Amino acid sequence: MDNELYNYISYLNNGSIFDSYAKAQAVISRHTTPICSVSGGADSDIMLDIVHSVDEAGNVKYYWLDTGFEYAATKEHLTELEQKYGIEILRVKAEKSIPACVKEYGVPFLSKYVSEQMMRLQKHNFQWEDEPLEVLLQKYPNCKIALQWWCVERYSDKDGVQKISRFSIYRNKWLKEFIISNPPDFPISNECCEYAKKRPAKRVIKDFGADLNITGIRKAEGGIRSASFTSCFSESPTGCDTFRPIFFYTDYDKQVYNEFLGVKNSRCYTEYGMKRTSCVGCPFNRKVLDELEIIKAFEPKLYKAAVGIFGKSYEYTAKYRAFVKEMKFERYGIEYNEALKFTRRLSCADYIKNGF
Ligand code: SF4
């Protein structure tokens with residue numbers, strides 16, 4: 001990193017930004033074959049800016065995982081990044097594209113974990129029965145983990161049957177009741193994550209003989225991806241460490257970075273108005289309906305394709321959300337969101353005056 005940049009970063013007086021540069025310089029210089037995963041998203045833009053600034057020797061190789069279902073704006077942005085930094089970003093093809101995976105294995109539904117368990121149950125031709133774990137284990141003996149999720153119980157020879165909460169179907173309210181009343185008539189699967197993302201990433205690491213993989217994951221983004229880490233660096237016994245330079249960045253740090261270090265995001269952000277980007281129309285995104293509206297307006301062909309690929313999941317999710325609403329209404333006698341709004345409108349003084 002040149003002196004001028006160092007002075008400027010110090011002048012910004014932002015601990016997260018200063019730390020990320022210092023760590024990036026230290027970590028990258030300790031490795032001989034570092035590679036960096038560029039996604040074209042806003043977090044990745046900052047990560048790339050840091051990595052490129054500290055990698056004076058030009059050791060880092062850059063790659064992009066092409067899932068076979070991508071925004072045109074993202075693809076354009078990759079070319080812009082290559083021109084801006086004078087680098088090459090290797091386009092890595094998916095082992096199987098997202099559309100191909102959905103066709104072959106099934107469609108993602110609700111979350112990665114839910115899809116995984118439902119996929120396992122479907123593989124055993126499970127009939128979505130509401131029976132105790134012992135009974136179901138007899139009937140489907142090779143499907144223990146998914147049955148435990150379904151039954152909200154765990155079984156071991158030592159302790160017998162015990163209740164569980166963390167890895168149970170009730171992490172999603174009334175999901176079991178919903179599935180029993182509305183068994184899915186289509187295959188559910190999260191295999192596109194495996195074939196379009198995980199495996200190609202592993203292949204790149206192997207092909208480059210990389211000893212460091214750099215990604216733009218942030219703790220603040222939440223979700224299963226960031227929750228699996230507690231720090232910005234993980235040492236790997238297999239030889240490829242992972243480094244997340246902006247792991248501790250807040251949204252405010254991002255804003256400061258973009259403003260003062262001149263990072264320009266793709267048209268997904270600047271023109272379409274997206275706040276974050278992940279796989280186009282992925283049903284795991286809780287705000288996928290809003291995202292679809294944006295896609296429809298700016299990339300209409302992609303919108304049509306998303307509905308064609310994930311349509312069954314969107315319909316099933318909408319049905320599930322309506323079911324949850326109904327159950328809440330039944331239980332609380334008032335439409336749930338209305339109830340929330342009502343309680344939020346009351347001030348502390350109201351509570352004191354009217355009693356709790
Ligand atoms: S994030 Fe969603 S669309 Fe992307 S690979 Fe995973 S399940 Fe498929």
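Reader: Which element gives the largest share of the shell around the ligand?
Author: In this predicted model, helix α10 supplies the largest share of that shell, with 4 residues.

Reader: And which residues surround the ligand?
Author: The ligand is surrounded by T67, I98, P108, N190, C192, C193, A196, K197, S278, C279, C282 and F284.

Reader: How many of the shell residues are nonpolar, polar or charged?
Author: Sorted by class, the shell comprises 8 nonpolar residues, 3 polar residues and 1 charged residue.

Reader: Back to α10. Which strands does the helix lie across?
Author: Helix α10, residues 191-208, lies across β1 (34-37), β2 (61-66), β3 and β6 (212-214). Relative to β2, the helix runs at about 155°.

Reader: What is the strand order in the sheet?
Author: The order is β3-β2-β1-β6-β8-β7 in an open sheet of 6 strands, and the pairing is mixed.

Reader: Which strands are at the edges?
Author: The edge strands are β3, residues 89-93, and β7, residues 233-234. Each of these pairs on one side only.

Reader: How many bridges join β7 to β8, and do the strands run parallel or antiparallel?
Author: There are 2 bridges between β7 and β8, the latter covering residues 241-243, and the two strands run antiparallel.

Reader: What stands opposite F233 there?
Author: F233 stands opposite F243, which belongs to β8.

Reader: A change of topic: helix α3. How far apart are its end C-alpha atoms?
Author: They are 19 Å apart. Helix α3 covers residues 42-54, and at 1.5 Å a residue its 13 residues should span 18 Å, so the two values agree.

Reader: Why is α3 described as largely enclosed?
Author: Because 10 of its 13 residues are buried, α3 is largely enclosed by the rest of the structure.

Reader: Which residues of α3 are buried?
Author: The buried residues of α3 are A42, D43, S44, D45, I46, M47, L48, I50, V51 and V54.

Reader: And what covers them?
Author: The cover over the buried residues of α3 includes the helices α2 (15-29), α4 (72-85), α12 (251-261) and α13 (267-270), together with the strands β1 and β6.

Reader: Now the whole protein. How many helices and strands does the protein have?
Author: The protein has 17 helices and 8 strands. Its C-alpha trace spans about 65 × 60 × 50 Å along the principal axes.

Reader: What percentage of the residues in the protein is buried?
Author: Of the 356 residues in the protein, 31% are buried.

Definitions and conventions: Residues are numbered from 1 along each chain as its sequence is written. This is a predicted model: local features need pLDDT of at least 70, side-chain atom pairs count only at pLDDT 80 or more; totals for chains, interfaces and linings use all residues. Two strands pair if DSSP finds at least two bridges between them. Two residues are in contact if their C-beta atoms, placed from the backbone, lie within 7 Å. Axes are lines fitted to C-alpha atoms, for helices over the stretch in contact, and angles run from 0 to 180 degrees between N-to-C directions. A residue is near a molecule or strand if its C-beta atom, placed from the backbone, lies within 6 Å of it. Ala, Val, Leu, Ile, Met, Phe, Trp, Tyr, Cys and Pro count as nonpolar, Asp, Glu, Lys and Arg as charged, and the others, Gly among them, as polar. The expected span of a helix is 1.5 Å times one less than its number of residues. A residue is buried if 20 or more other C-beta atoms lie within 10 Å of its own, exposed if 12 or fewer, and partly exposed in between; C-beta atoms are placed from the backbone.
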